[in-house]
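Biologist: Could you walk me through this model, a piece at a time?
Modeller: Gladly; here is the structure, and we can go through it in whatever order you like.

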Amino acid sequence: MSDMTAEPVISARDVRVWYGTTRGAIQAVDGVSFDLRPGETLGLVGESGCGKSTLGRGLMGLLPEGAKRDGEVRYRGRDIFAMSAKEAYGLRGSDLGMIFQEPLTRLNPLMRISEHFEETITQHEPKLSKDEVRTRALEALRMMGIPPTRYRSYPHEFSGGMRQRLMIALALVLRPAFVVADEPTTALDVLVEAQIVQILNDLRRNFDTALLLITHNVGIVAEACDRVAVMYAGRIVEQGTVADVFSDPQHPYTRELLASTISLSTTGLRFIPGSPPDLVDPPAGCRFHPRCPDAMRICATTSPVPTTREAGGTVECWLRGPRDLTPAERAPLAHEELSDADEA
Ligand SMILES: Nc1ncnc2c1ncn2[C@@H]1O[C@H](COP(=O)(O)OP(=O)(O)O)[C@@H](O)[C@H]1O
Ligand code: SF4
Ligand SMILES: [Mg+2]
């Protein structure tokens, strides 16, 4: 478990990211704040298109060209957003590690696994001897359950699950203090998935790594994370400890998300009706209001502000404060308005 008194490894404050497109600016991340301490794992969940990957890449200083950003991301007190590209690049590998979604596209098919490791390690520690580099690489592979006999193989000679573990070994060989894992288990079978969760858990225990685990698998969050942040349309709408948020979800979106996951494995399909909004022109007020079963009049016009959950953490919903609503504000949003908004 993490030490809650330790200084955060990562502090994000009011992080915003836009993409310019011909249709207008996509506000992919719209004011996100959180802290992560050594050894702590934060699960980031939400439907596809809610800005999870953008946030993850933003924290690493790895946004594509053309993306604009604002706010602050402090890594051990230094603002990554204020650094030069070169400075931020220097943190990669030894301080910041990223595990991407699609393993094959990140490995060079023409390079042996050994060459991938040599390149990564010597970039940061140019003085290491070839033997030392090899020792480190083999140690990282061993941790991921990949036999040393495979060291000189090419990426295509591995199965999908093994390639994913290779990517993890590569991302972790320099023991970064902060790792973002973006849906590391999506394409994998259940067995490999369990192994990866195990590896991630070992990692923070052994090296005090702080981990942001992006996933749409709520079960993985329950198994592998201390805290959870629920993202919807560019904002974290609820966050807190896994135990607290999962047993007492206070945001209607969290509730629906949990219900859709649980019923997938038990009573059959239950999806949240509708889909996340277009982030070029998101709905006014609460961005979830067109889909929210509890929507009130105020929700259609005025954005809710974060309030503190009783057991810590935050929730951003008019049902939870921060002030008492007037009867007019509290009136349920009429059904026609709901379906109008749905069609829009
Ligand atoms: N490189 C990009 N250029 C333009 N828009 C992008 C880019 N990457 C993501 N987006 C848009 O940003 C929004 C958030 O996407 P993303 O961060 O991938 O969400 P998630 O990981 O939760 O699925 C989506 O509307 C997506 O289409
Ligand atoms: S603010 Fe209103 S619309 Fe948004 S989640 Fe809460 S009740 Fe639903
Ligand atoms: Mg994503």
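**Loops, sheets, domains and ligands**

Modeller: I would begin with arginine 175, which sits in the loop between α6 and β7 (178–182); helices (H or I, at least four residues) and strands (E, at least two) are DSSP runs, numbered from the N terminus. This is a predicted model, in which local features need pLDDT of at least 70 and side-chain atom pairs count only at pLDDT 80 or more, while totals for chains, interfaces and linings use all residues. Residues are numbered from 1 along each chain as its sequence is written, and chains are lettered from A and ligands numbered from 1 in the order in which they are written.

Biologist: What is phi of arginine 175 near?
Modeller: Phi of arginine 175 is near 50 degrees, which is a positive value in a residue other than glycine. Most residues other than glycine have a negative phi, and most peptide bonds are trans.

Biologist: And how does arginine 175 count, buried, exposed or partly exposed?
Modeller: Arginine 175 counts as partly exposed, because it has 17 C-beta neighbours inside 10 Å. The terms work like this: a residue is buried if 20 or more other C-beta atoms lie within 10 Å of its own, exposed if 12 or fewer, and partly exposed in between, with C-beta atoms placed from the backbone.

Biologist: Which other arginine has a positive phi?
Modeller: Arginine 76 has a phi near 45 degrees, and this residue is found in the loop between β4 and β5. With 13 C-beta neighbours inside 10 Å, arginine 76 counts as partly exposed.

Biologist: Where is the cis peptide bond?
Modeller: The cis bond joins glycine 321 and proline 322, with omega about 10 degrees, and proline 322 lies in the loop between β12 (314–315) and α11 (327–330).

Biologist: Back to α6, then: how far apart are its end C-alpha atoms?
Modeller: They are 18 Å apart, which agrees with the 18 Å that the 13 residues of helix α6 (residues 160–172) should span at 1.5 Å a residue; the expected span is 1.5 Å times one less than the number of residues.

Biologist: And why is α6 said to be largely enclosed?
Modeller: Ten of the 13 residues of α6 are buried, so the helix is largely enclosed by the rest of the structure. Among the buried residues are Arg163, Gln164 and Arg165.

Biologist: Switching to sheets, what is the order of the four strands in the open sheet?
Modeller: The order is β2-β1-β4-β5, with antiparallel pairing, where two strands pair if DSSP finds at least two bridges between them. Its edge strands are β2 (24–36) and β5 (78–79), each of which pairs on one side only. Strand β1 (residues 10–21) is joined to strand β4 (residues 67–75) by eight bridges, and isoleucine 10 has tyrosine 75 of β4 as its bridge partner.

Biologist: What about the sheet of eight strands?
Modeller: That one is also open, runs in the order β6-β7-β8-β3-β9-β10-β12-β11 and has mixed pairing. β6 and β7 pair in the parallel sense over four bridges, with glycine 97 partnered by valine 179 in β7.

Biologist: How is the chain split into domains?
Modeller: The domain assignment gives domain 1 (1–95 + 176–277), domain 2 (106–171) and domain 3 (278–343), and such bounds come from an automatic or database assignment. Eleven residues of domain 1 are in contact with ten residues of domain 2, contact being C-beta atoms, placed from the backbone, within 7 Å. Helix α7 (residues 190–207) gives the most to the side of domain 1 that touches domain 2, with four residues.

Biologist: Last topic: which residues come nearest to ligand 1?
Modeller: Of the 14 residues around ligand 1, Tyr19, Ala28, Lys52, Ser53 and Thr54 come nearest; a residue is near a molecule or strand if its C-beta atom, placed from the backbone, lies within 6 Å of it. α1 gives the most to this shell, with three residues.

Biologist: And around ligand 2?
Modeller: There are 14 residues around ligand 2, of which Cys286, His289, Cys292, Cys299 and Cys317 come nearest. The shell around ligand 2 divides into eleven nonpolar, two polar and one charged, where Ala, Val, Leu, Ile, Met, Phe, Trp, Tyr, Cys and Pro count as nonpolar, Asp, Glu, Lys and Arg as charged, and the others, Gly among them, as polar.

Key. Two residues are in contact if their C-beta atoms, placed from the backbone, lie within 7 Å.
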